[in-house]
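Thanks for coming. I have one model to go through, and I will keep to what can be read from its coordinates.

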Amino acid sequence: MSGNFRARRPASPPPGVPLSSQPQPPSFSSQRFPHPRQDHLDADSKREAASKGLYVPGRSSKANYPSGGINLTSGEIPLLLVIVLVAAGVRLYRLSKPNSVVFDEVHFGKFASRYIKTRYFVDVHPPLAKLLITLAGFLFGYDGNFDFKDIGKVYENVPYVAMRLVPALLGVFTVPLAYLTLRALDCRATTALLASLFITFENGLVTQSRHILLDSPLLFFTSLSLFSFVGFTNEDRVRPFTESWWTWLVLSGLSLGAVVSCKWVGLFTIATVGSMTVFQLWTLLGDLRVPPRLFIKHFAARALCLIIIPIFFYMTMFAIHFALLQSSGDGDGFMSSEFQHTLSGRGMQDTFADVAVGSQITIRHYNTQGGYLHSHSHNYPTGSKQQQITLYPHRDTNNDWILLNATADNTVAHDWANEPLVLITPGMRVKLRHTMTEKHLHSHDHRPPVSEVDFQNEVSGYGMPGFAGDANDDWIVEIDKDYTDSGDRKAKERLRTLKTKFKLRHALTGCYLFSHKVKLPEWAYEQQEVTCNKNAVRQNSLWFIETSWHDGMDKDQVNYKRPSFFSKFWELQQVMWTTNAGLTERHTFDSRPEQWPGLRRGINFWVKDHRQIYLVGNPLVWWMSSLAVFAWIGTCGTLVLRQKRGCRDFNNSTLLKYTTLSTPLFLGWFLHYTPFFLMSRQLFLHHYFPALYFAILLCCAWFDWGTRGLKQRVRLGIAALLIISVILTFRVRSPLAYGTPWTKKECESAKWKRTWDFS
């Protein structure tokens with residue numbers, strides 16, 4: 001200490017007054033941090049104080065703690081506005097070009113037409129993003145008459161710019177969310193600016209957001225979910241159960257509901273937030289200062305907002321979906337008969353409950369939803385070359401059959417109204433006569449036209465008017481009691497309409513009438529194949545009577561039971577899952593997950609008039625983000641090994657801070673990327689975009705850590721260099737995003753990898 005410094009002893013207290021009650025000179029700590037108040041308690045102290053009733057959340061703390069922990073300076077608000085304007089300029093530039101259908105606008109534009117026409121369809125994705133696009137088209141006068149049939153078809157009387165504007169604007173709003181998320185994670189403004197501009201000038205994200213596609217809404221709600229939950233986490237550390245705390249938590253739940261309502265990939269976002277929530281609750285459970293009642297309150301609040309609200313939101317989107325699609329459409333065939341009965345144009349009149357000899361019936365396949373047993377006056381081009389038998393998904397007079405007793409004389413005319421009723425019971429030998437062509441359902445030792453295997457026989461229509469037929473027309477009725485409706489006791493004793501599930505066994509060969517999800521070629525109008533199978537899968541050999549009419553019956557009629565919303569909802573989820581899993585055919589531009597981090601190849605969206613739209617990422621952004629992910633894995637692995645060897649790296653507060661803020665970002669990347677390795681369905685580069693978003697934020701978190709000790713001028717210089725490099729790289733490939741002309745030299749210079757197959 002300096003020799004001129006003189007310590008001064010505090011004055012002695014008056015007699016009888018203890019020394020501790022005297023005012024003390026302000027210490028350095030008390031000058032730097034104002035007098036103690038509840039605002040300055042850490043999270044553990046606040047929970048302890050709250051458990052003792054000494055802390056009332058939401059009073060004095062509101063004035064000093066920014067909502068969600070997002071402490072923006074006055075200069076950042078104009079900066080954010082500039083960022084939004086730049087993002088809007090990049091994504092909205094030439095939005096009307098091309099003026100023709102691009103890539104999957106073929107599908108999602110068509111779905112908008114179906115919504116407006118109220119015609120039922122089935123898609124593998126939930127409805128929210130499609131509903132938003134449809135709303136834009138409807139508000140701008142779209143009548144739903146354009147068919148979106150082919151890529152490159154010129155739009156006519158379609159407000160396609162308004163429909164493209166929905167994903168474009170959501171792509172724009174994703175940019176400031178990235179900025180705010182990193183600021184909420186306590187990164188510097190320079191870092192947040194870097195992330196927002198990386199996303200602004202990422203070629204793949206720009207290309208995907210400019211068309212009538214679902215990935216831009218998906219990414220927006222993914223980013224909103226992350227931002228909301230980070231804000232909630234910050235609130236939870238400081239002032240739980242305040243109004244602001246509930247706001248962030250509810251917003252997180254709504255965002256999760258929205259993201260999974262766009263695509264099921266949103267389940268990975270739910271898994272990310274769910275993992276962080278479990279960690280929060282685990283930490284609370286281990287805090288002995290948190291009483292059980294308070295822990296239960298925390299658990300219940302999170303369960304309500306992060307489970308119940310997303311489920312309710314998701315189901316509400318399907319309620320809107322069902323309310324709009326009330327008419328029969330091309331998706332009917334995917335759904336059960338009960339479901340189809342709820343659609344306008346597919347309702348069925350009451351029909352007789354019993355089935356007798358002489359009944360005119362329609363028969364439906366039980367398992368594949370392929371439709372009705374059907375025949376038409378066209379012959380097989382191979383095999384017996386007799387009349388075709390198929391499954392047809394729509395109602396038609398060619399679905400009608402007369403049920404006859406195979407042991408009786410069927411060449412004479414019958415007066416069914418006056419003859420005694422002979423109900424169909426198990427073991428009866430019957431014939432089925434097609435009412436339109438008067439041919440019998442027939443099988444023989446010929447191979448089917450598609451399933452040419454020894455254990456399957458062809459099923460055909462055989463005979464002529466007045467011809468009694470032969471033994472190959474005879475079938476034995478077998479009732480399957482396990483699948484028959486248990487609510488109707490009579491249905492297990494005889495054939496009952498809608499209730500009885502039965503098999504038809506060929507009397508001579510012993511094979512069973514069978515159908516499976518195999519389409520016949522164009523000569524059979526791509527209808528579903530029907531065969532006679534000696535090794536039939538049980539469910540695929542089951543049938544039921546949908547309608548039954550008989551001149552001798554006049555009572556006991558039945559109809560489909562109208563399914564509840566929950567039944568329809570659950571059935572559609574099963575159909576979506578099955579259809580999605582069935583998308584296994586290869587596509588010219590599909591790719592596998594191991595190819596995505598290195599940006600091995602892109603997707604050709606559109607080619608016309610020597611111009612091309614090709615989805616490929618900005619290689620600088622892509623490769624830096626991938627490098628950041630693998631650097632995080634290596635660094636954390638090293639730190640864990642050092643911890644095992646007794647090193648105390650995690651005692652460093654700076655290292656602990658960056659580990660804490662980067663872990664959710666890595667977790668988001670991991671959970672949005674690795675599940676795709678388990679999928680055998682078609683996959684494309686754009687499936688990596690949610691994982692890419694997390695990787696970009698992680699890359700910028702690395703930048704924040706790496707430049708923490710540098711002067712601000714140096715840090716800004718490095719950021720400027722990175723931003724300029726990314727913008728220049730974006731500009732080189734921008735003709736592929738906007739479909740603008742470019743020269744052969746420019747094209748070749750932009751092709752950094754031979755696997756980028758644009759031309």
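I will start with the domains, then take the helices, and end with some single residues.

First, the ground rules. This is a predicted model, in which local features need pLDDT of at least 70 and side-chain atom pairs count only at pLDDT 80 or more, while totals for chains, interfaces and linings use all residues. Residues are numbered from 1 along each chain as its sequence is written, and side-chain values use heavy atoms, with hydrogens and water left out.

Now the domains. There are two: domain 1 covers 96-323 + 592-750, and domain 2 covers 349-559. Those bounds come from an automatic or database domain assignment. The centres of domain 1 and domain 2, taken over C-alpha atoms, lie 52 Å apart. Arg 289 sits in the loop between helix 11 and helix 12. Helices here are DSSP runs (H or I, at least four residues), strands likewise (E, at least two), and both are numbered from the N terminus. Arg 289 is partly exposed, at 34% relative accessible area. On that scale, buried means under 20%, exposed over 50%, and partly exposed in between, with a 1.4 Å probe and protein chains only.

Lys 97 and Pro 98 are joined by a cis peptide bond, with omega about -5°. Pro 98 belongs to the loop between helix 3 (76-92) and helix 4. Helix 4 itself runs over residues 105-117, and its 13 residues should span 18 Å at 1.5 Å a residue; the end C-alpha atoms are 17 Å apart, which agrees. The expected span is 1.5 Å times one less than the number of residues. The buried residues of helix 4 include Val 106, Phe 108, Phe 111 and Tyr 115. Among the elements covering them are helix 5 (128-139), helix 6 (160-184) and helix 12 (292-324). Just after helix 4, Thr 118 has a positive phi of about 60°.

Helix 9 (residues 215-238) packs on helix 11 (residues 266-285) at an angle of about 10°, with the axes 10 Å apart. Axes are lines fitted to C-alpha atoms, for helices over the stretch in contact, and angles run from 0 to 180 degrees between N-to-C directions. The two helices are therefore roughly parallel to each other, a label for angles under 35 degrees; over 145 is roughly antiparallel, 65 to 115 roughly perpendicular, and the rest oblique. On the helix 9 side the contact includes Leu 218, Phe 229 and Phe 232, and on the helix 11 side Val 273, Met 276 and Gln 280 are among the partners. Contact means heavy atoms within 4.5 Å. The residues of this contact divide into five nonpolar, seven polar and one charged. Ala, Val, Leu, Ile, Met, Phe, Trp, Tyr, Cys and Pro count as nonpolar, Asp, Glu, Lys and Arg as charged, and the others, Gly among them, as polar.

Phe 232, in helix 9, is buried at 0% relative accessible area. Not counting residues up to four places away in sequence, Phe 232 touches Trp 245, Trp 248, Leu 249, Ser 252, Gln 280 and Arg 302. The C-alpha atoms of Phe 232 and Gly 68 are separated by 6.0 Å, although the two residues are 164 apart along the chain.

Is each one buried or exposed? Phe 241, with phi near 70°, lies in the loop between helix 9 and helix 10 (243-262) and is buried at 18%. Asp 609, with phi about 55°, lies in the loop between strand 15 (603-608) and strand 16 (611-615) and is exposed at 55%.
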